[in-house]
Amino acid sequence: PKTDIVFLKVHKSASSTVMNILFRFGETHNLTFAFPQGGGFQLYYPYHFLARFVQGFSPQSPQRFNILCHHMRFLQPEVQKVVPSSAVYFSILRNPVQLMESSFVYYRGASAFSRVRSLEEFLRQPLRYYNPASGDRHYARNLMTFDFGFNPDGDVSPARVQLMLKAIEASFDFLLISEYFDESMVLLKEMLCWDLDSVVSFPLNSRDSSTKSPLPDSVVEKLKAWNRLDWEIYTHFNRTFWGRIERDIGRERLRREVRALRRRRAELAGLCLQGRGSVAPKDIKDSSLRPLQHGGARILGYNLKQGLAEELERTCRRLVTPELQYSSLLYKKQFPPAPS
(Lines give C-alpha, C1' and ligand atoms only; values in the text may rest on other atoms or scores of the structure.)
Protein backbone atom coordinates (compact mmCIF):
# COMPACT_ATOMS: atom_id res chain seq x y z
CA PRO A 1 0.00 0.00 0.00
CA LYS A 2 1.17 3.53 -0.80
CA THR A 3 1.68 5.60 2.34
CA ASP A 4 3.13 8.88 1.00
CA ILE A 5 0.33 11.03 -0.29
CA VAL A 6 -0.43 14.60 -1.32
CA PHE A 7 -4.13 15.33 -1.61
CA LEU A 8 -5.08 18.77 -2.89
CA LYS A 9 -8.30 19.41 -1.01
CA VAL A 10 -10.34 21.43 -3.49
CA HIS A 11 -13.19 23.34 -1.80
CA LYS A 12 -16.78 22.07 -1.89
CA SER A 13 -15.97 18.88 -3.85
CA ALA A 14 -16.59 16.01 -1.39
CA SER A 15 -13.01 16.62 -0.30
CA SER A 16 -13.86 16.44 3.42
CA THR A 17 -15.03 12.87 2.88
CA VAL A 18 -11.76 12.02 1.11
CA MET A 19 -9.85 13.69 3.95
CA ASN A 20 -11.64 11.42 6.44
CA ILE A 21 -10.43 8.42 4.43
CA LEU A 22 -6.84 9.73 4.58
CA PHE A 23 -7.11 10.53 8.30
CA ARG A 24 -8.35 7.01 9.07
CA PHE A 25 -5.69 5.33 6.94
CA GLY A 26 -2.94 7.50 8.43
CA GLU A 27 -4.10 6.85 11.97
CA THR A 28 -4.41 3.09 11.44
CA HIS A 29 -0.90 2.88 9.94
CA ASN A 30 0.78 5.36 12.31
CA LEU A 31 1.65 7.78 9.51
CA THR A 32 2.62 11.41 10.00
CA PHE A 33 0.60 14.36 8.69
CA ALA A 34 1.84 17.75 7.49
CA PHE A 35 -0.30 19.81 9.86
CA PRO A 36 -0.73 23.58 9.69
CA GLN A 37 1.42 25.45 12.25
CA GLY A 38 -0.11 25.41 15.71
CA GLY A 39 -2.72 22.85 14.74
CA GLY A 40 -4.85 25.12 12.55
CA PHE A 41 -7.07 23.70 9.82
CA GLN A 42 -5.72 25.41 6.69
CA LEU A 43 -2.18 25.88 5.43
CA TYR A 44 -2.43 29.71 5.41
CA TYR A 45 -5.01 29.51 2.64
CA PRO A 46 -5.56 31.54 0.43
CA TYR A 47 -1.80 32.22 0.18
CA HIS A 48 0.26 29.89 -1.98
CA PHE A 49 1.56 26.98 0.08
CA LEU A 50 4.98 27.34 1.71
CA ALA A 51 6.86 24.56 3.50
CA ARG A 52 7.25 26.75 6.59
CA PHE A 53 3.46 26.71 7.10
CA VAL A 54 3.86 23.09 8.28
CA GLN A 55 4.25 22.33 11.98
CA GLY A 56 7.62 20.69 12.66
CA PHE A 57 9.13 21.56 9.27
CA SER A 58 12.65 22.93 9.33
CA PRO A 59 14.90 23.53 6.32
CA GLN A 60 17.85 22.06 8.26
CA SER A 61 16.24 18.72 9.07
CA PRO A 62 15.21 16.51 6.21
CA GLN A 63 12.08 15.32 8.03
CA ARG A 64 9.30 14.45 5.60
CA PHE A 65 5.65 13.82 6.39
CA ASN A 66 3.60 10.97 4.93
CA ILE A 67 0.34 12.75 4.21
CA LEU A 68 -0.39 16.34 3.20
CA CYS A 69 -4.14 16.89 2.91
CA HIS A 70 -5.23 20.15 4.60
CA HIS A 71 -6.59 23.05 2.54
CA MET A 72 -3.82 24.79 0.65
CA ARG A 73 -3.21 26.71 -2.53
CA PHE A 74 -0.96 24.40 -4.48
CA LEU A 75 2.69 25.23 -5.13
CA GLN A 76 4.62 22.10 -5.98
CA PRO A 77 8.24 23.17 -5.33
CA GLU A 78 7.24 24.01 -1.75
CA VAL A 79 5.12 20.87 -1.33
CA GLN A 80 8.12 18.77 -2.38
CA LYS A 81 10.06 20.05 0.63
CA VAL A 82 7.68 18.42 3.11
CA VAL A 83 6.80 15.06 1.52
CA PRO A 84 8.94 12.18 0.23
CA SER A 85 9.79 12.25 -3.47
CA SER A 86 7.82 8.99 -3.85
CA ALA A 87 4.54 10.69 -2.84
CA VAL A 88 1.43 10.09 -4.94
CA TYR A 89 -0.37 13.34 -5.83
CA PHE A 90 -4.11 13.43 -6.41
CA SER A 91 -7.13 15.71 -6.08
CA ILE A 92 -10.89 15.68 -6.64
CA LEU A 93 -12.93 17.91 -8.97
CA ARG A 94 -16.59 18.87 -9.09
CA ASN A 95 -18.81 20.23 -11.84
CA PRO A 96 -18.20 24.02 -11.58
CA VAL A 97 -21.92 24.74 -11.90
CA GLN A 98 -22.78 22.84 -8.70
CA LEU A 99 -19.50 23.95 -7.14
CA MET A 100 -20.38 27.62 -7.48
CA GLU A 101 -23.95 27.10 -6.32
CA SER A 102 -22.52 25.43 -3.20
CA SER A 103 -19.89 28.13 -2.76
CA PHE A 104 -22.58 30.82 -2.98
CA VAL A 105 -24.54 29.28 -0.11
CA TYR A 106 -21.49 28.37 1.97
CA TYR A 107 -19.53 31.61 1.51
CA ARG A 108 -22.43 34.05 1.64
CA GLY A 109 -20.24 36.44 3.61
CA ALA A 110 -17.65 36.70 0.79
CA SER A 111 -17.38 40.25 -0.57
CA ALA A 112 -18.64 39.30 -4.06
CA PHE A 113 -21.80 37.63 -2.68
CA SER A 114 -22.68 39.75 0.33
CA ARG A 115 -24.69 42.37 -1.58
CA VAL A 116 -26.81 40.08 -3.74
CA ARG A 117 -29.94 38.12 -2.88
CA SER A 118 -29.38 35.25 -5.30
CA LEU A 119 -26.84 33.65 -7.57
CA GLU A 120 -28.98 34.75 -10.54
CA GLU A 121 -28.67 38.36 -9.45
CA PHE A 122 -24.89 38.01 -9.14
CA LEU A 123 -24.60 36.45 -12.59
CA ARG A 124 -26.64 39.19 -14.27
CA GLN A 125 -23.80 41.67 -13.60
CA PRO A 126 -20.95 39.79 -11.92
CA LEU A 127 -18.41 42.57 -12.45
CA ARG A 128 -20.59 44.93 -10.48
CA TYR A 129 -20.07 42.80 -7.36
CA TYR A 130 -16.83 40.97 -8.08
CA ASN A 131 -13.57 42.75 -7.34
CA PRO A 132 -10.44 40.96 -8.69
CA ALA A 133 -8.37 42.80 -6.06
CA SER A 134 -10.32 41.54 -3.03
CA GLY A 135 -8.68 38.89 -0.84
CA ASP A 136 -11.65 36.52 -0.99
CA ARG A 137 -12.44 36.83 -4.69
CA HIS A 138 -11.62 33.16 -5.37
CA TYR A 139 -14.81 31.97 -3.66
CA ALA A 140 -16.78 33.66 -6.43
CA ARG A 141 -14.86 32.65 -9.54
CA ASN A 142 -12.87 29.63 -10.77
CA LEU A 143 -12.34 28.26 -7.27
CA MET A 144 -10.69 25.04 -8.51
CA THR A 145 -8.32 27.00 -10.75
CA PHE A 146 -7.35 29.07 -7.72
CA ASP A 147 -6.80 26.03 -5.46
CA PHE A 148 -4.53 24.48 -8.11
CA GLY A 149 -2.41 27.63 -7.83
CA PHE A 150 -3.48 29.53 -10.98
CA ASN A 151 -5.02 32.95 -11.51
CA PRO A 152 -8.84 32.72 -11.38
CA ASP A 153 -9.06 35.85 -13.55
CA GLY A 154 -6.52 34.48 -16.04
CA ASP A 155 -6.63 34.43 -19.80
CA VAL A 156 -9.03 31.80 -21.25
CA SER A 157 -7.34 31.49 -24.65
CA PRO A 158 -6.92 27.86 -25.84
CA ALA A 159 -3.13 28.16 -25.58
CA ARG A 160 -3.24 29.32 -21.95
CA VAL A 161 -5.84 26.71 -21.03
CA GLN A 162 -3.62 23.98 -22.54
CA LEU A 163 -0.65 25.21 -20.50
CA MET A 164 -2.70 25.04 -17.32
CA LEU A 165 -4.00 21.53 -18.06
CA LYS A 166 -0.49 20.32 -18.91
CA ALA A 167 0.86 21.79 -15.65
CA ILE A 168 -1.82 19.97 -13.64
CA GLU A 169 -1.11 16.72 -15.48
CA ALA A 170 2.59 17.11 -14.79
CA SER A 171 2.01 17.56 -11.04
CA PHE A 172 -0.82 15.11 -10.31
CA ASP A 173 -0.90 11.34 -10.76
CA PHE A 174 -4.67 11.25 -11.08
CA LEU A 175 -7.79 13.34 -10.41
CA LEU A 176 -11.05 12.03 -9.04
CA ILE A 177 -14.53 13.31 -9.92
CA SER A 178 -16.97 13.94 -7.10
CA GLU A 179 -20.07 13.27 -9.25
CA TYR A 180 -18.72 9.72 -9.63
CA PHE A 181 -17.65 9.37 -6.03
CA ASP A 182 -17.90 5.58 -5.75
CA GLU A 183 -16.12 5.03 -9.06
CA SER A 184 -13.48 7.48 -7.83
CA MET A 185 -12.99 5.45 -4.64
CA VAL A 186 -12.46 2.30 -6.69
CA LEU A 187 -9.82 4.12 -8.73
CA LEU A 188 -8.22 5.50 -5.55
CA LYS A 189 -8.06 2.02 -4.03
CA GLU A 190 -6.46 0.73 -7.23
CA MET A 191 -3.89 3.54 -7.51
CA LEU A 192 -2.87 3.34 -3.84
CA CYS A 193 -3.07 -0.49 -3.54
CA TRP A 194 -5.43 -0.17 -0.54
CA ASP A 195 -8.17 -2.53 0.59
CA LEU A 196 -11.91 -1.91 0.37
CA ASP A 197 -12.44 -0.88 4.01
CA SER A 198 -9.80 1.83 3.66
CA VAL A 199 -11.91 3.68 1.06
CA VAL A 200 -15.39 3.11 2.49
CA SER A 201 -16.87 6.33 3.88
CA PHE A 202 -20.05 8.16 4.84
CA PRO A 203 -20.57 11.58 3.22
CA LEU A 204 -19.14 14.32 5.47
CA ASN A 205 -19.64 18.09 5.41
CA SER A 206 -22.61 17.69 3.06
CA ARG A 207 -25.52 20.07 3.35
CA ASP A 208 -29.19 19.57 3.81
CA SER A 209 -31.02 19.43 0.47
CA SER A 210 -33.51 22.06 1.70
CA THR A 211 -30.90 24.72 0.88
CA LYS A 212 -30.32 23.37 -2.63
CA SER A 213 -32.37 24.54 -5.57
CA PRO A 214 -32.18 23.51 -9.24
CA LEU A 215 -30.72 26.18 -11.50
CA PRO A 216 -32.44 27.30 -14.73
CA ASP A 217 -30.55 26.55 -17.97
CA SER A 218 -29.82 30.22 -18.63
CA VAL A 219 -28.05 30.43 -15.26
CA VAL A 220 -26.11 27.22 -15.92
CA GLU A 221 -24.71 28.67 -19.15
CA LYS A 222 -23.74 31.92 -17.41
CA LEU A 223 -22.05 29.94 -14.64
CA LYS A 224 -19.98 27.97 -17.15
CA ALA A 225 -18.93 31.14 -18.94
CA TRP A 226 -18.07 32.95 -15.69
CA ASN A 227 -16.09 29.91 -14.44
CA ARG A 228 -14.61 29.11 -17.82
CA LEU A 229 -11.20 27.98 -16.50
CA ASP A 230 -12.82 25.63 -13.98
CA TRP A 231 -15.07 24.30 -16.72
CA GLU A 232 -12.03 23.54 -18.90
CA ILE A 233 -10.29 21.73 -16.03
CA TYR A 234 -13.40 19.74 -15.17
CA THR A 235 -14.31 18.62 -18.69
CA HIS A 236 -10.72 17.67 -19.52
CA PHE A 237 -10.15 15.56 -16.40
CA ASN A 238 -13.62 14.07 -16.51
CA ARG A 239 -12.58 12.59 -19.88
CA THR A 240 -9.18 11.37 -18.69
CA PHE A 241 -10.83 9.86 -15.58
CA TRP A 242 -12.88 7.46 -17.70
CA GLY A 243 -9.86 6.72 -19.88
CA ARG A 244 -7.99 5.77 -16.72
CA ILE A 245 -10.82 3.53 -15.55
CA GLU A 246 -10.93 1.74 -18.92
CA ARG A 247 -7.18 1.23 -18.92
CA ASP A 248 -6.52 0.26 -15.31
CA ILE A 249 -9.73 -1.38 -14.14
CA GLY A 250 -12.16 -2.04 -17.01
CA ARG A 251 -15.91 -1.38 -16.88
CA GLU A 252 -16.87 -4.88 -15.78
CA ARG A 253 -14.57 -4.92 -12.75
CA LEU A 254 -15.52 -1.33 -11.97
CA ARG A 255 -19.18 -2.34 -11.72
CA ARG A 256 -18.33 -5.24 -9.40
CA GLU A 257 -16.13 -3.10 -7.16
CA VAL A 258 -18.67 -0.26 -6.95
CA ARG A 259 -21.32 -2.81 -5.91
CA ALA A 260 -18.99 -4.21 -3.24
CA LEU A 261 -18.22 -0.70 -1.96
CA ARG A 262 -21.91 0.21 -1.71
CA ARG A 263 -22.73 -3.08 0.03
CA ARG A 264 -19.99 -2.46 2.59
CA ARG A 265 -21.13 1.13 3.17
CA ALA A 266 -24.73 -0.02 3.72
CA GLU A 267 -23.49 -2.75 6.05
CA LEU A 268 -21.48 -0.24 8.12
CA ALA A 269 -24.42 2.18 8.17
CA GLY A 270 -26.57 -0.64 9.55
CA LEU A 271 -23.96 -1.49 12.19
CA CYS A 272 -22.97 2.06 13.17
CA LEU A 273 -25.74 4.56 12.67
CA GLN A 274 -29.01 5.31 14.36
CA GLY A 275 -31.56 5.53 11.57
CA ARG A 276 -28.93 4.55 8.98
CA GLY A 277 -28.41 8.07 7.60
CA SER A 278 -27.42 11.67 8.23
CA VAL A 279 -29.39 14.04 10.44
CA ALA A 280 -29.81 17.80 10.80
CA PRO A 281 -27.29 19.59 13.06
CA LYS A 282 -29.87 20.14 15.82
CA ASP A 283 -30.55 16.38 15.97
CA ILE A 284 -26.92 15.34 16.54
CA LYS A 285 -26.84 14.09 20.13
CA ASP A 286 -23.08 13.83 20.65
CA SER A 287 -21.66 17.36 20.47
CA SER A 288 -18.18 16.02 19.60
CA LEU A 289 -19.69 14.76 16.32
CA ARG A 290 -21.28 18.08 15.36
CA PRO A 291 -19.79 19.56 12.17
CA LEU A 292 -18.96 23.25 11.86
CA GLN A 293 -21.92 25.20 10.48
CA HIS A 294 -21.00 27.84 7.94
CA GLY A 295 -22.76 30.50 5.85
CA GLY A 296 -26.29 29.67 4.78
CA ALA A 297 -25.64 25.93 4.57
CA ARG A 298 -27.01 23.40 7.06
CA ILE A 299 -24.26 20.81 7.43
CA LEU A 300 -25.52 17.33 8.29
CA GLY A 301 -23.98 14.84 10.70
CA TYR A 302 -24.63 11.45 12.28
CA ASN A 303 -25.74 9.71 15.45
CA LEU A 304 -23.98 6.50 16.43
CA LYS A 305 -25.85 3.55 17.88
CA GLN A 306 -25.52 3.18 21.63
CA GLY A 307 -23.79 0.24 23.29
CA LEU A 308 -21.48 -0.76 20.43
CA ALA A 309 -18.60 -3.10 21.21
CA GLU A 310 -15.38 -1.15 21.81
CA GLU A 311 -13.58 -1.98 18.55
CA LEU A 312 -16.70 -1.38 16.43
CA GLU A 313 -17.48 1.86 18.30
CA ARG A 314 -14.02 3.12 17.46
CA THR A 315 -14.39 2.22 13.75
CA CYS A 316 -17.84 3.82 13.57
CA ARG A 317 -16.79 6.96 15.44
CA ARG A 318 -13.86 7.54 13.08
CA LEU A 319 -16.17 7.26 10.07
CA VAL A 320 -18.42 10.06 11.30
CA THR A 321 -15.98 12.36 13.12
CA PRO A 322 -16.09 15.77 11.38
CA GLU A 323 -12.93 17.10 9.80
CA LEU A 324 -12.00 19.75 12.40
CA GLN A 325 -12.43 17.44 15.39
CA TYR A 326 -10.54 14.60 13.68
CA SER A 327 -7.72 16.93 12.62
CA SER A 328 -7.33 18.23 16.20
CA LEU A 329 -7.29 14.72 17.60
CA LEU A 330 -4.55 13.57 15.21
CA TYR A 331 -2.57 16.76 15.78
CA LYS A 332 -2.51 16.13 19.54
CA LYS A 333 -1.37 12.57 18.91
CA GLN A 334 1.48 13.68 16.64
CA PHE A 335 2.47 16.70 18.77
CA PRO A 336 1.51 15.78 22.34
CA PRO A 337 1.20 18.86 24.56
CA ALA A 338 4.11 19.21 27.01
CA PRO A 339 3.13 18.00 30.50
CA SER A 340 2.36 21.04 32.63
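Predicted model: local features only at pLDDT ≥ 70, side-chain atom pairs only at ≥ 80, totals over all residues.
I'll start with the fold as a whole. The chain has 14 helices and 4 strands. Its radius of gyration is 20 Å, and the globule rule gives 20 Å for 340 residues, so the chain is as compact as a globular protein of that length. If you want box dimensions, the C-alpha atoms fill roughly 55 × 55 × 50 Å along the principal axes.

Of the contacts with a separation of 6 or more, 73% are between residues 24 or more positions apart. Buried residues make up 54% of the 340.

Now the surface. The accessible area is about 15,500 Å², and carbon and sulfur atoms contribute 52% of that. On charge, I count 47 positive side chains and 34 negative ones. The centres of those two sets are 3 Å apart.

Last, the strands. Please look at β3, residues 88–93, and β4. The two run parallel and are joined by 4 bridges.

Staying with β4, which covers residues 174–177, is one face open or are both covered? Both are covered. In a regular strand, side chains alternate between the two faces of the sheet. Here F174 and L176 sit on one side, L175 and I177 sit on the other, and all of them are buried.

Conventions. Residues numbered from 1 in each chain as written. Heavy atoms only, no water. Rg over C-alpha atoms; globule rule 2.2 N^0.38 Å. Buried < 20%, exposed > 50% of the residue type's maximum accessible area, 1.4 Å probe, protein only. Contact = heavy atoms within 4.5 Å. Areas by Shrake-Rupley, 256 points an atom, 1.4 Å probe, with all protein chains shown as cover. Lys, Arg positive; Asp, Glu negative; His and termini not counted. Charge placed at Lys NZ, Arg CZ, Asp CG, Glu CD. Pairing = 2+ DSSP bridges.
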